[in-house]
Amino acid sequence: PVTAGSIVVPYGHVIVNEKWRGSEVAQRLQGKVRLIFEDGLGLVDFHLSNRTCILLISEADLVAGDEFKRRLVRFRNASSLRGIVIVEKTQISEQYYLGVQKLVVLELGMVLLPVANQGEASQLIIQLVSFCVREQSKDRGSNPFLRKQRPQLAEPAVLQSVQQIPGVGKTKALLLLQQFGSIHRLCNASISELEEVVGQTVAQQIYTF
Amino acid sequence: EQRPSLCVLADTREICSGPEVISCLRAQHRLRVQVCALGTTDYMVSNRLAVERLLQSELQSPGNRNKLSQRLQRLQGSFERICVIVEADRVRPGETSRFFQRTQYYDGVLSALVQAGIRILFSSCQEETAALLKELALLEHRKGAAIQVPTEPEGHRRDILNFYLSIPNLSYGAALNLCHSFGSVAAVANSSVPALAAGSRLSLPRAEQLHRFLRHDFDLQLLPQPLPAKGK
């Protein structure tokens, strides 16, 4: 019931539920992104990519009662798409926001973004689309919040860690690491082995640590 | 019906920037709040979830972009899950509620967060933030990820905790778990990857990282800057 089969979204396009034709959101999106209106999208309002879609909850939906909640739950149960819920948070619907947030984010594990009106919704959708397009083009480096895996030398960190052992400063840490190589071997060194590198007291301290 | 084991770690900075959050968590929600030097994050509500409290104005200003992205990238290094609570800025007395001008930049930041898989919650004040933190802690508790070890090691254990904390990409929670699950540092160093994962409650790839770090062969030549000559 969610969608008739899987939806294939052409690159850089947004598929819009027929019911939004002529609405303020659709009008504002027109010209900024390429829209395709389609019937039979079921619960979904906008498809941004093959795996991301938007469900738009209006102020009226919020005030009208729990119908929209049933819609969200049905969507969540029936679809493996990443669902982004955009909700109109106005002075009137504000009071419901916390409850909706709890349901959508904490219970259903979906994304919830508040907007003040349809105009803001269209601006937000434009930004979301641009990120979806970038994701599809594998241009992940452009997202400032995605961690870039760059190999880092472990040497300075290992040295830092060894200095946390009581009685060991930078000089002794270097001596110890040159002798034993790794933290693992240092941990398994005997007292007499340690005494060859550092004094008796410190060797005892390291050994008991 | 609140379990006493529900525990949240708060960063020391939050005493200044979010005092109401902490006192609400303690007084209203009866959570155990342990303030410690988390460093990387504002709150830890479970073994794997870090919560970052951000003001709406911080997300609005492009000047913050670098700082924010560095911060969140560092978080991704040490936590499985990240949640951001976007809190509305406080309205000073006498000031009529400021009109929030939504910018394209702000929408872009939200989109980037969504795409990075970071969870976003919105809060209108510090009390609401506290309530959200409690909900998150409860949820994580239900999923069996709650922090359930003593959070205040003393004496010798304190030294050992500091040692674990110096390991790159190891969160405060994982360090606490290591302290608690293993008798000594040597026991940790000699553990297999699955044993490390179970003891620290880290995922396998992260436990592997830790394992590799402990067995890393030190090479003096690879230290970045030459050491200052002695006797200077």
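At 55% relative accessibility, Arg90(B) counts as exposed (buried means under 20% relative accessible area, exposed over 50% and partly exposed in between, with a 1.4 Å probe and protein chains only). The model is a predicted one, where local features need pLDDT of at least 70 and side-chain atom pairs count only at pLDDT 80 or more, while totals for chains, interfaces and linings use all residues; side-chain values use heavy atoms, with hydrogens and water left out. Residues are numbered from 1 along each chain as its sequence is written, and chains are lettered from A and ligands numbered from 1 in the order in which they are written.

Arg90(B) pairs up with Glu20(B) in a salt bridge, with 3.3 Å between the closest N and O atoms (a salt bridge being a side-chain nitrogen of Lys or Arg within 4 Å of a carboxyl oxygen of Asp or Glu). This pair links distant parts of the chain, 70 residues apart: Arg90(B) sits in the loop between strand S5 (81-87) and H5 of chain B, and Glu20(B) in helix H2 (residues 19-27) of chain B. Helices (H or I, at least four residues) and strands (E, at least two) are DSSP runs, numbered from the N terminus. Glu20(B), at 30% relative accessibility, is partly exposed.

Another salt bridge in chain B joins Arg206(B) to Glu80(B), with the closest N and O atoms 3.0 Å apart. Arg206(B) belongs to helix H11 of chain B and Glu80(B) to the loop between H4 and S5 of chain B, so the pair ties together parts that are 126 residues apart in sequence. Here Arg206(B) is buried, at 18% relative accessibility, whereas Glu80(B) is partly exposed at 38%.

An α-helix has 3.6 residues a turn, so residues three or four places apart point the same way. Glu67(A) is partly exposed, with a relative accessibility of 48%. Over all chains, the structure holds 19 salt bridges.

Now for the interface. Of these salt bridges, 3 run between chain B and chain A, one of them between the side chains of Asp217(B) and Arg185(A) (3.1 Å, N to O). The contact (heavy atoms within 4.5 Å) takes in 55 residues of chain B and 53 residues of chain A. Together the two chains bury about 5,100 Å², 64% of it on carbon and sulfur atoms; buried area is the accessible area (1.4 Å probe) that two parts lose on being put together, summed over both. Arg102(B), Gln115(B) and Phe218(B) supply 15% of the area that chain B buries against chain A, more than any other three residues.

Across the interface of chain B and chain A, 14 residue pairs are in polar contact, both residues being at pLDDT 80 or more. Such a contact is a pair of N or O atoms within 3.5 Å; within protein, one must be able to donate a hydrogen and the other to accept it, and residues adjacent in sequence count only if both atoms are side-chain atoms. Among the elements that give two or more residues to the side of chain B that touches chain A are helix H4 (65-78), helix H5 (104-115), strand S6 (119-123) and helix H6 (126-142) of chain B. H5(B) gives the most, with 10 residues.

Within chain B, the buried residues of helix H10 (residues 193-200) are Val193(B), Leu196(B), Ala197(B), Gly199(B) and Ser200(B), and they pack against helix H8 (172-181), H9 and H11 of chain B. Just after H10(B), Arg201(B) takes a positive phi of about 60°. On the H8 side, Ala174(B) is buried, with a relative accessible area of 1%. Leaving aside neighbours within four places in sequence, Ala174(B) is in contact with Ser200(B) and Leu202(B).

In chain A, Asn17(A) is part of strand S1 (residues 13-17) and is buried at 6% relative accessibility. Not counting residues up to four places away in sequence, Asn17(A) touches Phe37(A), Glu38(A), Leu41(A), Gly42(A), Val44(A) and Asp45(A).
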